Amino acid sequence: MSFDTTALNRRRHRFEGRSQVWLFGYGSLIWKADFEFIERRIARLHGWSRRFWQGSHDHRGTRESPGRVLTLVPDPDATCIGVAYLITPAVFDALDQREKNGYLRHVVPLAFGDGTEVEGLLYLADEHNAAWLGPASDAAVARQVAHAQGPSGANRDYVLHLAEALRALDADDPHVFAIERLLRESATATGA
Ligand code: SIN
């Protein structure tokens, strides 16, 4: 698969007859909503967990020195808390560009706090995409994140913004908070 999934995503869902779609954000889409939306709600996705296993060659790193950004991995007992945005299908043109480094759109069931359930779309990067990095120890992830930088800024800021946003949602995520802690500790140790 090529790095750029824009064309693949365009073919995946045509949204015929739909004027509104729920988009589920679990990573930067939680705290960086640079697109128009009609409504924003906290939502839960059952059976998936966040992992910094996806490479970022276009936003938080480069081809030579990729950053690590989030994807979701199947985890039967887990619930991923994120944010659902109600958007028009036209917004996917910009979203497909933003998430083009290996992410594909998938349809998922989402649950809201009031017990209602809706169908949503999210961007998922699996092990078959060209930008996949895969598992690494927390220490290795934090080391890579600490050094990576791309057109959208420091990889470190991606993690720190996300950790703050998750706290604001009252969402626990041991993986994200462990990497955040290591980044803050190493900044203190180096005086950065
Ligand atoms: C998401 O936020 O839902 C996808 C991953 C990212 O862009 O950080």
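Student: Where is the place of Phe15?

Tutor: Phe15 lies in the loop between helix 1 (6-12) and strand 1. Helices (H or I, at least four residues) and strands (E, at least two) are DSSP runs, numbered from the N terminus. Residues are numbered from 1 along each chain as its sequence is written, and side-chain values use heavy atoms, with hydrogens and water left out. This is a predicted model, in which local features need pLDDT of at least 70 and side-chain atom pairs count only at pLDDT 80 or more, while totals for chains, interfaces and linings use all residues.

Student: Is Phe15 buried or exposed?

Tutor: Buried means under 20% relative accessible area, exposed over 50%, and partly exposed in between (1.4 Å probe, protein chains only). Phe15 has a relative accessible area of 15%, so Phe15 is buried. Its phi is near 55 degrees, a positive value in a residue other than glycine.

Student: What is phi of Asp170 near?

Tutor: Phi of Asp170 is near 65 degrees, again positive in a residue other than glycine. Asp170 sits in the loop between helix 5 and helix 6. With a relative accessible area of 70%, Asp170 is exposed.

Student: How do I read a strand, and how many residues of strand 1 are buried?

Tutor: In a regular strand, side chains alternate between the two faces of the sheet. In strand 1 (residues 21-25), five of the five residues are buried, so this strand is largely enclosed by the rest of the structure. Val21, Leu23 and Gly25 point one way, Trp22 and Phe24 the other way.

Student: Which strand does strand 1 pair with in the antiparallel sense?

Tutor: Two strands pair if DSSP finds at least two bridges between them. Strand 1 pairs with strand 3 (residues 67-87) in the antiparallel sense over five bridges. Within this pairing, Gly25 stands opposite Val83. Strand 1 is also joined by two bridges to strand 5 (residues 117-124), and these two run parallel. There, Leu23 has Leu121 as its bridge partner.

Student: What does Asp96 touch?

Tutor: Contact means heavy atoms within 4.5 Å. Leaving out residues up to four places away in sequence, Asp96 touches Thr6, Asn9, Arg10, Arg105 and Tyr123. Asp96 is in helix 3 (residues 92-98) and counts as buried because its relative accessibility is 2%.

Student: What joins the side chains of Asp96 and Arg105?

Tutor: A polar contact of 2.5 Å joins them. The term covers a pair of N or O atoms within 3.5 Å; within protein, one must be able to donate a hydrogen and the other to accept it, and residues adjacent in sequence count only if both atoms are side-chain atoms.

Student: How many residues has helix 6, and what span is expected?

Tutor: The expected span of a helix is 1.5 Å times one less than its number of residues. Helix 6 (residues 174-190) has 17 residues and reaches 24 Å from its first C-alpha to its last, close to the 24 Å expected. Its buried residues include Phe177, Ile179 and Leu183. The buried residues of helix 6 pack against strand 2 (39-56), helix 4 (138-147) and helix 5 (155-168). After helix 6 comes Gly191, whose phi is positive, near 75 degrees.

Student: Which residues does Arg51 touch?

Tutor: Not counting residues up to four places away in sequence, Arg51 touches Val69, Leu70, Thr71, Val73 and His175. Arg51 belongs to strand 2 and, at 22% relative accessibility, counts as partly exposed.
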